[in-house]
Amino acid sequence: MSDIAIKICDLDVKKLNEELNEALAEEWLAYYQYWVGAQVAQGVQDALVRDEFMEHAKEELEHAEKIAKRLAELGGIPLTHPNQWEKKAKCKYEEPKDFSSLKLLEQNLASERCAIMRYQKICEQTHGKDYITFDMALSILKDEVEHEQDLDGLICSIKAKCGKI
């Protein structure tokens, strides 16, 4: 970001870069959580759940790439070591202990809801101040809302099949 753009946007770029690095950490953890879930999912509609998880994992990786690119554009440095992900992330990785499709979906649903709050915050922080970051965050927010809807739909479908609704 140029000096004039920083002055015009009236935004604390250092704080924004910290927020973006937290989001980056969360995207890497989300990628891994979906990827692991796709490997271990068992039970009702497990093939469908595995496919959905792999699709979401791919999209979470794309989010990480967008964020890393924006960090560089803002003069920031993306987190350089995976051990920083867990430390920086507010949306935490939840290690699967129960491999049932339903339990894995519920874990990922909670993560998506956390991500929605993250990108809502970045949108609020950058709206009218940094349109490039705002557009990126809004695009990711739309994806995360779609992920939440996908997971919620699968949960309802599995519960209906199992007579839990």
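Reader: In which helix do Arg70 and Glu73 lie, and how many residues apart are they?

Author: The model is a predicted one. Arg70 and Glu73 both belong to helix 3, at a spacing of three residues, about one turn of the helix.

Reader: What makes the pair of Arg70 and Glu73 a salt bridge?

Author: The N to O separation of their side chains is 2.8 Å, and the criterion asks for a side-chain nitrogen of Lys or Arg within 4 Å of a carboxyl oxygen of Asp or Glu. The pair of Arg70 and Glu73 therefore qualifies as a salt bridge.

Reader: Why is Arg70 called buried?

Author: Its relative accessible area is 7%, and buried means under 20%, so Arg70 is classed as buried. Glu73, at 33% relative accessibility, counts as partly exposed.

Reader: Is Glu22 buried or exposed, and is Lys90 buried or exposed?

Author: Glu22 has a relative accessible area of 16% and is buried, because the class covers values under 20%. Lys90 has 54% relative accessibility and counts as exposed, because that class covers values over 50%.

Reader: What makes Asp46 and Arg50 a salt bridge, and where do they lie?

Author: Their side chains meet at 3.2 Å, N to O, against the limit of 4 Å. Both residues are in helix 3, four residues apart, about one turn of the helix. Asp46, with a relative accessible area of 24%, is partly exposed, and Arg50, at 28%, is also assigned to the partly exposed class.

Reader: Why is Glu27 said to have no salt bridge?

Author: The nearest side chain of opposite charge, that of Arg118, is 7.9 Å away, whereas a salt bridge must be within 4 Å, so none is assigned to Glu27. Leaving aside neighbours within four places in sequence, its contacts include Glu60, His63, Tyr119 and Glu144.

Reader: How do you know that Cys91 and Cys114 form a disulfide?

Author: Their sulfur atoms are 2.0 Å apart, and the definition requires a pair of cysteine sulfur atoms within 2.5 Å. The structure holds one disulfide. This pair links distant parts of the chain, 23 residues apart: Cys91 is in the loop between helix 4 (83-88) and helix 5 (101-126), and Cys114 is in helix 5.

Reader: Why is Cys123 in no disulfide?

Author: The nearest cysteine sulfur, that of Cys91, is 14 Å away; the cut-off is 2.5 Å, so no disulfide is assigned to Cys123. Cys123 is buried, at a relative accessible area of 5%. Cys162 is likewise in no disulfide, the nearest cysteine sulfur, that of Cys156, being 12 Å away.

Reader: Why is Met54 called partly exposed?

Author: Met54 has 38% relative accessibility, which falls between 20% and 50%, so Met54 is partly exposed. Met54 is found in helix 3 (residues 46-73) and, together with Tyr32 and Trp35, makes a nonpolar surface patch of about 280 Å².

How values were computed:
Residues are numbered from 1 along each chain as its sequence is written. This is a predicted model: local features need pLDDT of at least 70, side-chain atom pairs count only at pLDDT 80 or more; totals for chains, interfaces and linings use all residues. Side-chain values use heavy atoms; hydrogens and water are left out. Helices (H or I, at least four residues) and strands (E, at least two) are DSSP runs, numbered from the N terminus. Buried means under 20% relative accessible area, exposed over 50%, partly exposed in between (1.4 Å probe, protein chains only). Lys and Arg count as positive and Asp and Glu as negative; His and the chain ends are not counted. Contact means heavy atoms within 4.5 Å. Patches are made of residues with over 30% relative accessible area and no salt bridge: like charges are joined within 9 Å, nonpolar side chains (Val, Leu, Ile, Met, Phe, Trp, Tyr) within 5 Å. Accessible areas come from the Shrake-Rupley method with a 1.4 Å probe; for residues, only the protein chains shown count as cover.
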